[in-house]
Amino acid sequence: MIASRNFVIYSSPRMNGAMMTSALESLGTFFNGADDAGPSRGPGTGRSPGLSSGPNTGLWPGLGPFGREKDHLRLRTLVMLRWLAILGQTAMVLLIAFVFEYEIRLWLTLSIIMASVWLNIILTVGRRFVQRMRGWEAALQLSFDAVQLALLLGVTGGLNNPFCLMLVAPATVAAANLPARHAMVVVVAAMLATIAIAFWHLPLPWRPGESFVLPDIYRFGFLTAILLGIVFTAGYAWQAALESNRMEHALAATRAVLEREQRLSALGGLAAAAAHELGTPLGTIQVVAKEMLHSLKKSDPLYEDAELLVSQSQRCRDILRQLSQKPETRDSVYDQMPVRAFLESIAAPYRKDRKDIVIEVLSEGHGIDPEKEAGLMILRRPEWLHAWAAFVENAVDFANSAVWVRFEVSHGFVALNVEDNGAGFAPDILSRLGDPYISSRVFGEDAPKAEGRSYSGMGLGFFIAKTLCEHTGARVSFGNREGGGAYVRALWRRDQMDIFWADEGDVS
């Protein structure tokens with residue numbers, strides 16, 4: 001019914017090859033996208049009216065299956081994290097050697113730590129400290145950190161050392177900040193290093209004359225736990241970062257819609273300013289033209305030209321006067337309009353789809369007399385125009401034959417209901433609606449050809465429409481109707497809605 005159900009899933013067997021090709025292309029983009037993610041090309045927003053970036057253009061071309069790559073790490077970030085690790089490792093080695101007085105290979109462990117020190121010095125001196133690194137560069141550095149930590153653990157007991165859990169850290173940092181293909185390199189390096197120290201390691205530093213060795217069954221259990229921990233924490237960090245990126249760009253798309261509407265609204269003010277600035281020189285031109293006209297005789301060849309100049313300058317002044325007056329009359333002429341007329345203007349572009357669109361305006365649950373209904377006014381707001389049009393358009397897309405748009409006004413609340421008699425929301429999508437990039441479309445084999453419309457999109461339509469409504473104070477709910485089909489309901493408190501009766505003369 002709405003734009004969040006817009007990944008096309010054709011039921012025709014002949015489309016299986018195309019679907020497989022599309023899936024393979026998505027995987028290829030995911031694992032082999034560009035290293036350097038450029039800035040977004042401008043937020044397209046799926047199929048909703050006024051929100052589309054064009055068919056099959058996507059939001060951020062070349063930046064992965066969900067529109068963009070993750071931001072690359074700054075060199076400063078990794079260097080600072082490595083300095084913290086160096087300080088912690090050095091402190092623990094000195095604590096074990098001089099406070100607990102355990103037998104530890106002091107110079108060997110310090111030499112391994114010095115490898116990280118030298119890497120930081122080289123990176124700090126040889127490159128700009130604030131620059132962003134390419135994905136593969138960050139992956140190499142994090143892989144080095146995992147191997148260095150594994151070597152340090154290997155000479156201090158291997159899996160008998162409780163600090164083995166720190167091997168989870170490089171993989172988690174990579175998964176949260178790098179593209180998947182680069183993060184996997186770090187995850188694999190951390191897992192291989194963990195397996196290596198499970199079999200090849202030096203004894204754990206312990207009291208003189210004593211040793212500490214875990215049973216083999218426990219060590220292998222610990223190995224399994226660490227490997228699962230690396231995979232789980234890396235996967236969780238990657239998913240959390242991906243959801244954050246999705247939400248960030250979906251909100252950016254919503255802001256772009258509002259900013260565009262604000263720019264359009266500002267055109268009226270610009271027209272008034274232009275009319276004011278042009279009025280004075282145009283008045284001067286008209287005065288000079290009249291003086292020329294009065295000084296010429298009717299038989300003079302220039303008389304008709306001067307007369308035309310006067311008439312046209314007067315016409316320009318009339319046009320500028322209308323432009324300058326329009327902002328003053330905008331509340332009554334443009335912004336205010338009957339609710340039914342507002343809904344009809346939204347539904348009009350979609351009536352060509354051969355689906356019935358039934359519009360009802362109710363008061364306290366009952367119909368309103370046509371004469372009284374004409375006095376129920378609403379202020380045109382860009383949020384409502386885009387959001388309600390998105391709901392209607394997508395209801396039409398999924399309806400079998402009819403769409404119902406019900407606008408109900410009561411003493412305390414105002415509600416908008418958009419319903420259709422289609423197949424309804426898929427159960428696996430219904431619980432996740434409201435999030436960006438959640439979409440699922442199911443059509444018959446001939447539906448796209450018959451209607452001649454594009455059903456591609458990124459699933460942002462419902463998210464943007466819902467966000468726009470909530471921006472004005474609405475509570476949006478959705479679900480499947482008992483008799484079949486889907487519904488979307490937006491509910492406002494009466495004092496949050498710019499709606500009023502014309503005879504009241506004020507917003508209720």
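Which residues does Asn-160 touch, not counting residues up to four places away in sequence? They are His-201, Leu-204, Phe-212, Val-213, Leu-214 and Arg-219. Contact here means heavy atoms within 4.5 Å. Asn-160 sits in the loop between α4 (135–154) and α5 (168–177). Asn-160 is buried, with a relative accessible area of 6%. Buried means under 20% relative accessible area, exposed means over 50%, and partly exposed lies in between (1.4 Å probe, protein chains only).

This is a predicted model, in which local features need pLDDT of at least 70, side-chain atom pairs count only at pLDDT 80 or more, and totals for chains, interfaces and linings use all residues. Residues are numbered from 1 along each chain as its sequence is written, and side-chain values use heavy atoms, with hydrogens and water left out.

Now the whole protein. The protein has 14 helices and eleven strands. Helices (H or I, at least four residues) and strands (E, at least two) are DSSP runs, numbered from the N terminus. Of the 508 residues, 43% are buried. Take the contacts between residues at least 6 apart in sequence: 76% of them join residues at least 24 apart. The protein exposes about 26700 Å². Carbon and sulfur atoms supply 61% of that area. Accessible areas come from the Shrake-Rupley method with a 1.4 Å probe; for residues, only the protein chains shown count as cover.

Next, the strands. Strand β3 (residues 356–363) and strand β6 (residues 402–409) run parallel, joined by eight bridges. Two strands pair if DSSP finds at least two bridges between them. Asp-356 has Ala-402 in β6 as its bridge partner. Further along, Val-361 stands opposite Phe-407 in β6. β3 also pairs with strand β4 (residues 366–367), in the antiparallel sense and over two bridges. There, Ser-363 stands opposite His-366. β3 and β4 form a hairpin with two residues between them. Glu-364, in the turn, has a positive phi of about 55 degrees.

β6 has another partner. Seven bridges join β6 to strand β7 (residues 413–420), and the two run antiparallel. Val-405 is paired with Val-418 in β7. β6 and β7 form a hairpin with three residues between them. Is β6 largely enclosed or open? Six of its eight residues are buried, so β6 is largely enclosed by the rest of the structure.

Turn to the surface. A nonpolar patch is formed by Met-80, Trp-83, Met-114, Trp-118, Ile-121, Ile-122 and Val-125. Together they have about 710 Å² of accessible area. Patches are made of residues with over 30% relative accessible area and no salt bridge; like charges are joined within 9 Å, nonpolar side chains (Val, Leu, Ile, Met, Phe, Trp, Tyr) within 5 Å. A salt bridge is a side-chain nitrogen of Lys or Arg within 4 Å of a carboxyl oxygen of Asp or Glu. α2 (75–99) and α3 (106–126) each supply at least two residues of the patch. α3 gives the most, with five. Met-114 is in α3. At 37% relative accessibility, Met-114 is partly exposed.

Another methionine, Met-184, lies in helix α6 (residues 180–199). Met-184 is partly exposed, at 44%. Met-184 and Ala-139 are 45 residues apart in sequence, and 8.8 Å apart from C-alpha to C-alpha.

Last, the cysteines. Cys-164 is buried at 0% relative accessibility. Cys-469 is also buried, at 0%. The whole structure has zero disulfides (a disulfide is a pair of cysteine sulfur atoms within 2.5 Å).
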